[in-house]
Every structure is written in C-alpha cells, then in structure tokens.
Amino acid sequence: MAAPSTFPRVISFGPKSHTLAFGALNGAAVALLLMRTRLNRTANRLLAALLAVVVLRLVPFILGYAGFYDTYPWLSFAPFDLPLAIGPLLWLYVSRLTRGAMPNRWAWHLAPAALNGGAYGAVFVLCTLPQKNWIAQRIVDPFVSPAVTGGALIGLAAYGWLALQSLREYQRWLDSELSNREEFRLAGLQRLLALMAGTGVVWLGFAVTDAFVRRLSYFDQFPFYVVQAGVAWVLGLLAWRDADTVYPIPSSAAVKAVADYSAPSSTAIDEQSGSKSRLAPSDASAQSGQDFRALGQQYSATIVAEGWSRDPQLSLPELARRLATNTSYLSRALNQGLGMSFNECINRMRVEAVAAELRAGSTRDLVQIGFDAGFNSKASFQRAFRLYMNTTPSAYREAHTPNRSTDRS
C-alpha cells in the first residue's frame, strides 16, 4: 500500500493566488535589490521597507486563496499585515531623499505599526487556536481591525500630505538655488505620491463598503488585493528606475548626508561657503532700504556681461560669491526686484543667448548652441526654450531664416 501523501490536497495555487503572487514576487525582488544599492542607501532602504509592507499585505491572501488557512488554521495572527507603517515610510522616504536627513525622532512614527505587529506576533506565538478564535471574534474583528484600517487610512492621507509638502518645498529650493534645475524634475517622486494616493482612494472605498454597506468576505476583497499587487509591481518599477538618482541636497543637511553616498555629489550645494564673507558697497546701503529692482537689474547686467549664465553648474551661492554679495540679497534682488527665481533668471538669459545667435543667422547645430549657452542636456534646453519663447528652437530658427532649409532639434 502506498504511503499517504504528506501534502494536504486542499492546498491549490489557482488563478487568484497566482495573480497576487505575480506582483508580490516582483516587489520582493526589487526590495532585496534596493537593500544592496550603494547610492541613496538610507532612502532606498526606506523604500525597500515600504515595498516589503505592500508585499507582505498580499501574503495572507496568496496563502488564503490557496487553502493554507483552512489546512493550517494555526497560521492565523501571523503578523504579515502592517498597514500602519505605509504612511510613515512614504513620508520618511521622501524626506530623506529631498532633505538629506531623517526627521527628528523619526522612529516614533513607526511605533504604532511596531506595536500592532508585535501584538499580533505575540498572539500568533503564545496562544492556542481556540484562544486565537476567541480573540478574533471578541476583540479583533469588532474593534482592532476597524481601528487599524481607519488609522492606516488617516496615516496615509496625513503622511502623504507631509510628503507632498516636503516635495514642494524641495522644488522651491531647487528653483531658488540651481540653474540646472530642469535636470531634477522629480517625476518619479510625483508618480510615487500619485500611486499611493490612488491606492488610498481604492482602499477607502472598500473600507467604507465593508463598514457601512455590507460585510465583505475574503473573496469580495480580491479586487482590492489585485490593485495591491499592481501597486507592488509599479512601485517596484519606479523604485528601481530612480534608485541611483542623486539629487542635490540643502546645505543644512549636507554633512549628515555624506555617509549616505559612496562618493561626494558634485551637485551638493554649500550655501554658506564664501557667500556671506563680505558685502558689496551697494548691499551695505541696502540695510537702510535698497531699491531691489535697480539692484536686480545691476546684477542681471553683470551676469550677462561676464557670461556667467553659460556655466551649466552655476548655483545661487556661487553667483553670490562672484557678485561679492550674499545669497539673501541676491535672492531678494531677483525675486522682489525682477520677479523671477534664480533658475528662471539664468535660464531666460541662456534662452535669450540662443535666440540672439539664431536671429543672427547662425548655422551651427542647435543642441551645441544650447550647450554653449549653459544648458547641459538637450531635454532641459528644449523645455526651457519652449517655456520662454513659446516655440521650439528649430521653429524659431526657421521663422528667422525663411529663405533657407534648417536643421531641426
């Protein structure tokens, strides 16, 4: 007589389990790769943790649809689901990447998730199956699960908003400090926040339905976890694509961020170095009420005359040093006096330099003209020219040289 099979027959990985596993395995693989990256180490590990939380949320359903919980009921309360960690990890990742440092007392933001996971882990390890069933029926289902779901949704909204504010603040900093700001469009971070916001909306819809319309069964929730599997897949793609992107960091965090990179970043800005060492005579008089419009025009004329806008790595502190002023007065002269950010001022000069050469009938390659004006990528050149001239460089050349063929960028 053949020995009986040791593998329970009720376990079967069908379409539901395979669908969720597809997204989960991709997310898990990317999370492991992110843990091994050399650049942006802390930020990438935070993103790996976020991916891991999303993936682990799928595990009970992958196992459940395959029949594991029916065959091995002792698996109940295994601490796979940590939804309270999603919001804080999202915010911490964006903060670390854009500020170059972790927020003060950052670990406390993960304390609720740790407490939730620890409590489930203790029940999983210490309680018998009847005790688990009693806890589930009397405590978890009526009280704990709704509270955790509500807290996770509120946390995702609140921390998502904080992450968005950090991103906007960083975008303003880039505009005010860098002339090559177009290189750092932050599209990946914007897509990440949009992805998590969309997930929150779908999650809220299912939670409201379950709480106020009708109780959703294990199988009724399958569409939501298909969405979660999709989130794991897309999040993995976004994470890996931007894993090695090194963004400039605000100077206040520069020292703390050095250890997070394998080599110093050429784009890191030290706002203080040399910028406040001395004041120009015109700035000294500004203490008693400077005409910032006149000062802005003076600075603008000097920049054009010296050709400083042609430096693709020009930054606000470097320009302040060259003008023998400080970053505060230079910013006020540009913002209040000329109504432009540093980035807009320099890129307008670059665009005008390109336009002037095209009006003069230059036959040089358009991209090379852009590079010589100070742009260091074709994409940033094209975007800036279209923004300030309302046309493309090739169309502008054609409009000013109507009697000959033109090359196109």
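Student: How much of the protein counts as buried?

Tutor: Of its 409 residues, 46% count as buried. Buried means under 20% relative accessible area, exposed is over 50%, and partly exposed is in between, using a 1.4 Å probe and protein chains only. Keep in mind that this is a predicted model: local features need pLDDT of at least 70, side-chain atom pairs count only at pLDDT 80 or more, and totals for chains, interfaces and linings use all residues. Residues are numbered from 1 along each chain as its sequence is written, and side-chain values use heavy atoms, leaving out hydrogens and water.

Student: Okay, how many helices and strands are there?

Tutor: The protein has 17 helices and zero strands. Those are DSSP runs numbered from the N terminus: helices are H or I with at least four residues, strands are E with at least two.

Student: Which residues touch the most others in the largest nonpolar core?

Tutor: Leu-20, Leu-34, Leu-47, Tyr-93 and Leu-235 do, in a core of 60 residues. A nonpolar core is a set of buried Ala, Val, Leu, Ile, Met, Phe, Trp, Tyr and Cys residues joined through side-chain atoms within 4.5 Å.

Student: And which helix gives the most to this core?

Tutor: That's α2, with 13 residues.

Student: What does Leu-235 touch?

Tutor: Leaving out residues up to four places away in sequence, Leu-235 touches Leu-47, Leu-50, Leu-51, Val-54, Leu-192 and Leu-195. A contact here means heavy atoms within 4.5 Å.

Student: Switching to α1, where does it bend?

Tutor: At Ala-21, by about 25°. The bend is the angle between axes fitted to the seven residues ending there and the seven starting there. Ala-21 is also one of the buried residues of α1, along with others including Leu-20 and Leu-34. The cover over the buried residues of α1 includes α2 and α8.

Student: New topic: how many salt bridges?

Tutor: Twelve. Each is a side-chain nitrogen of Lys or Arg within 4 Å of a carboxyl oxygen of Asp or Glu. One of them pairs Glu-169 with Arg-99, at 3.9 Å from N to O.

Student: What does that pair tie together?

Tutor: Glu-169 sits in helix α6 and Arg-99 in helix α4, so the pair links parts that are 70 residues apart in sequence.

Student: Is Glu-169 buried, exposed or partly exposed?

Tutor: Glu-169 is partly exposed, because its relative accessibility is 43%.

Student: Which residues form a network of salt bridges?

Tutor: Asp-311, Glu-318, Arg-321 and Arg-322. Within it, the side chains of Arg-322 and Asp-311 meet at 3.1 Å, N to O.
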